[in-house]
Amino acid sequence: TVEYRPNQNYMLYGRISTGHKPGIFNDSWADDGFGIQRILPESTVENFEVGVKGNFFDGKLRVASSVYKMNWDGMQMSLFTPPVAGFEAISPEVIEHFVSIPNNELWGFETEYTYFLTDTLRLFGFYAYSDSAIGDISSVEIGAPSPQFEFGLLGNGEEGFFQVPTEQTGNSLPSQPSHKFSLSVSKEYEVSALGFLDFIASYSYVGSQYQNIWNIDLFELPSYDRLDFSATWTSFEGSVSLTVFANNVFDEIGVIEFMPVSGYGNQRNLGTLTNHREIGVR
């Protein structure tokens with residue numbers, strides 16, 4: 001990391017960082033002589049980031065912003081893929097196994113901010129934009145709207161119809177909404193000898209996203225948002241506080257994650273939802 005401070009109010013920085021995930025064991029196909037790797041190599045990532053952090057407009061605005069680019073090599077994923085080159089004659093037409101996807105890319109922009117309109121009224125929140133591209137990979141699309149089938153060797157050693165794998169290179173990575181943001185407003189009051197009152201209203205938004213590398217509309221999770229309110233009284237000495245809150249005021253339900261789990265055949269789906277409206281006192 002390199003940091004440069006033009007003055008005491010803000011700094012510029014640049015960072016290069018790396019990480020890795022260990023290799024993993026493959027499934028039983030690796031024992032059948034089809035060229036499947038018994039152990040996948042480690043997964044590595046390189047991250048390049050530049051940004052700014054500081055106070056502006058005489059301290060009224062606090063900002064932490066950055067842009068980044070990640071190179072992710074060897075992303076490990078279980079897929080139905082075509083035979084390994086050189087093993088087409090003896091291998092099933094599609095094989096489910098763990099693959100190591102090379103040359104995946106991610107990039108984006110993030111910012112957090114606080115702006116003091118007055119000494120007791122402020123705006124704060126964040127915004128994040130992200131995009132990505134899968135590396136070179138071809139696989140069967142589970143749930144494809146217009147699948148193509150051909151006749152060939154199946155995994156049980158018999159012949160039959162199989163779904164033809166399609167190119168996925170360049171698709172978005174799973175669980176990556178393009179836009180996420182939050183905007184909150186906070187207003188503080190001093191109530192004579194009773195203490196302080198702090199009112200907060202928050203709006204947040206999560207954009208649509210895919211839950212697998214196929215980017216099929218069937219599995220696209222729609223965007224969702226929510227609105228929260230709270231009011232907190234705190235005594236002057238800070239020893240007592242009381243909060244009344246209402247989370248997810250309009251009772252909007254979003255899907256956080258969604259996964260078809262049984263793969264090639266009868267399909268069950270697992271998912272996680274956001275919480276319903278909640279009103280309470282602390």
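1. By salt bridge I mean a side-chain nitrogen of Lys or Arg within 4 Å of a carboxyl oxygen of Asp or Glu. Asp-228 counts as buried at 17% relative accessibility, and Arg-226 counts as partly exposed at 29%. Buried stands for under 20% relative accessible area, exposed for over 50%, and partly exposed for what lies in between, using a 1.4 Å probe and protein chains only.

2. A word on the model before going further. It is predicted, so local features need pLDDT of at least 70 and side-chain atom pairs count only at pLDDT 80 or more, while totals for chains, interfaces and linings use all residues. Residues are numbered from 1 along each chain as its sequence is written, and side-chain values use heavy atoms, with hydrogens and water left out.

3. The structure holds four salt bridges. One of them joins Arg-15 and Glu-49, at 3.5 Å from N to O. Arg-15 belongs to strand E2 (residues 10-21) and Glu-49 to strand E3 (residues 43-56), so this pair ties together parts that are 34 residues apart in sequence. Strands here are DSSP runs of E with at least two residues, numbered from the N terminus. Glu-49 is buried at 15% relative accessibility, whereas Arg-15 is partly exposed at 29%.

4. Lys-69 and Glu-105 also meet in a salt bridge, 3.8 Å from N to O. Lys-69 sits in strand E4 (residues 61-73) and Glu-105 in strand E7, so parts that are 36 residues apart in sequence are tied together. Lys-69 is partly exposed, at 29%, and Glu-105 is partly exposed too, at 34%.

5. Next, look at the strand pairing. Strands E13 (residues 179-191) and E14 (residues 195-206) pair in the antiparallel sense over twelve bridges; strands pair if DSSP finds at least two bridges between them. Glu-190 stands opposite Phe-196 in E14. The two strands form a hairpin with three residues between them, and Ser-192 in the turn has a positive phi of about 35°. E14 is also joined to strand E17 (residues 224-234), antiparallel, by eleven bridges, with Leu-197 opposite Trp-233.

6. Tyr-189 lies in E13 and Phe-199 in E14. The charged end of Lys-187 sits over the ring of Tyr-189, 5.3 Å from its centre, meaning NZ of Lys or CZ of Arg within 6 Å of the ring centre and within 35 degrees of the ring normal.

7. The largest nonpolar core has 19 residues, of which Leu-79, Ile-101, Ile-134, Ile-137, Ile-213 and Trp-214 touch the most other members. Such a core is a set of buried Ala, Val, Leu, Ile, Met, Phe, Trp, Tyr and Cys residues joined through side-chain atoms within 4.5 Å. Strands E5 (75-81) and E6 (95-101) are the elements that give two or more residues to this core, and E5 gives the most, with four.
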